[in-house]
Each structure stands twice: as structure tokens, then as C-alpha cells.
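Let's take a walk through this protein chain together. Keep the sequence and the 3D view side by side as you read.

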Amino acid sequence: MPVEQQLDLVRGDVELSFAYLDRDREGRVVVGAGPWAGTPLPEGMLDAPPGRIGPHTAPVISVAAQIEFKEMFPVWMPERPRRPKDAADLARLRAGRPTG
């Protein structure tokens with residue numbers, strides 16, 4: 001993804017993505033940048049407990065929203081087909097295990 005839309009970090013075979021989010025006037029979580037900026041995201045998307053690194057906390061996408069994104073991403077962006085990692089992540093998410 002272009003850095004203006006999402007920050008993707010890769011080290012070896014580990015990928016970490018940071019999506020830019022915003023809130024609309026009604027307080028809903030929406031896409032924060034790019035051609036879909038302002039588009040509402042799934043209800044309850046950030047209902048998971050916050051992530052923590054040292055003293056810093058950040059919202060974390062709920063399991064249900066992660067599953068929806070992993071399932072729908074190839075539909076929403078056909079030029080980026082599902083990767084083997086996404087299929088493995090879906091299996092882990094459905095089994096209630098953390099993704100790697």
C-alpha cells in the first residue's frame with residue numbers, strides 16, 4: 001500500500017501494518033486516508049483490548065474485524081490476492097489463536 005494510505009513494515013518474513021483511521025462527525029471509525037477516506041469501518045472494529053508496548057497503548061482491531069478484512073481484502077482489492085499468510089491467519093483467528 002502507498003505510505004499515504006497505510007504503513008507496512010517488513011522484517012524477514014514478518015509483516016506489520018498500521019492503517020490510518022479517523023472518526024466521522026458521528027464518532028464512527030472510518031478509513032483515514034486514501035481513496036476510501038471517510039468510509040465507515042465495521043461496527044465494533046476497535047472493541048478489542050488495547051495493545052501495549054511499554055507505557056504506550058493503541059487500539060487493536062477485534063478478531064471479528066480481522067476476519068472480515070482477511071476474507072474481504074481480495075474482493076475489495078483484486079489486484080492484491082490473498083497471500084498464504086492470510087489463509088493461515090484466518091485459520092488461527094477462527095481457532096482463537098494469535099496471528100504471527
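G51 is partly exposed, because its relative accessible area is 23%, and a residue counts as buried only under 20%. Keep in mind that you are looking at a predicted model. You can find G51 in strand 5, which covers residues 51-53.

Which residues does G51 touch, once its neighbours within four places in sequence are set aside? They are H56, T57, A58 and V60.

## Alanine 58, across from G51

Now move to A58, which sits in strand 6. With a relative accessibility of 39%, A58 is classed as partly exposed. Its contacts, again leaving out neighbours within four places in sequence, are P50 and G51. That brings us back to G51, which has A58 among its own contacts.

How far is A58 from E68 in space, C-alpha to C-alpha? The distance is 20 Å, and the two residues are 10 apart in sequence.

Is S62 buried or exposed? S62 is buried, because its relative accessibility is 12% and the cut-off for buried is under 20%. Beyond its neighbours within four places in sequence, S62 is in contact with G44, M45 and A48.

Along the chain A48 and A65 are 17 residues apart, and 9.7 Å separates their C-alpha atoms.

## Helix 1

A65 belongs to helix 1. The relative accessible area of A65 is 3%, so this residue is buried. In helix 1 the buried residues are A65, I67 and K70. What do these buried residues pack against? Their partner is helix 2 (84-95).

Helix 1 has 14 residues (residues 63-76), and at 1.5 Å a residue it should span 20 Å. The C-alpha atoms at its ends are 19 Å apart, which agrees with that expectation. The expected span is worked out from one less than the number of residues.

Helix 1 also has a bend in it. Look at K70, where the helix bends by about 30 degrees. Within four residues after K70 comes a proline, P74. K70 is also one of the buried residues of this helix.

Next, turn to strand 1 (residues 6-11) and strand 2 (residues 14-19). These two strands run antiparallel and are joined by six bridges. Which residue in strand 2 is the bridge partner of L9? It is L16. Another bridge pairs R11 with V14 of strand 2.

The hairpin has two residues between its strands. G12 takes a positive phi there, near 65 degrees.

## The whole chain

Let's step back and view everything at once. The protein chain has two helices and six strands. Read from the N terminus on, the order of the elements is β-β-β-β-β-β-α-α. The radius of gyration is 14 Å, close to the 13 Å that the globule rule gives for 100 residues, so the chain is as compact as a globular protein of that length.

The C-alpha atoms fill a box of roughly 35 × 35 × 25 Å along the principal axes. Of the 100 residues, 18% are buried. The accessible surface comes to about 7,300 Å², and carbon and sulfur atoms account for 59% of it. Finally, among contacts with a separation of 6 or more, 19% involve residues 24 or more positions apart.

Terms used:
Residues are numbered from 1 along each chain as its sequence is written. This is a predicted model: local features need pLDDT of at least 70, side-chain atom pairs count only at pLDDT 80 or more; totals for chains, interfaces and linings use all residues. Side-chain values use heavy atoms; hydrogens and water are left out. The bend at a residue is the angle between axes fitted to the seven residues ending there and the seven starting there. Buried means under 20% relative accessible area, exposed over 50%, partly exposed in between (1.4 Å probe, protein chains only). Contact means heavy atoms within 4.5 Å. Two strands pair if DSSP finds at least two bridges between them. The radius of gyration is taken over C-alpha atoms; the globule rule is 2.2 Å times the number of residues to the power 0.38. Accessible areas come from the Shrake-Rupley method with a 1.4 Å probe; for residues, only the protein chains shown count as cover.
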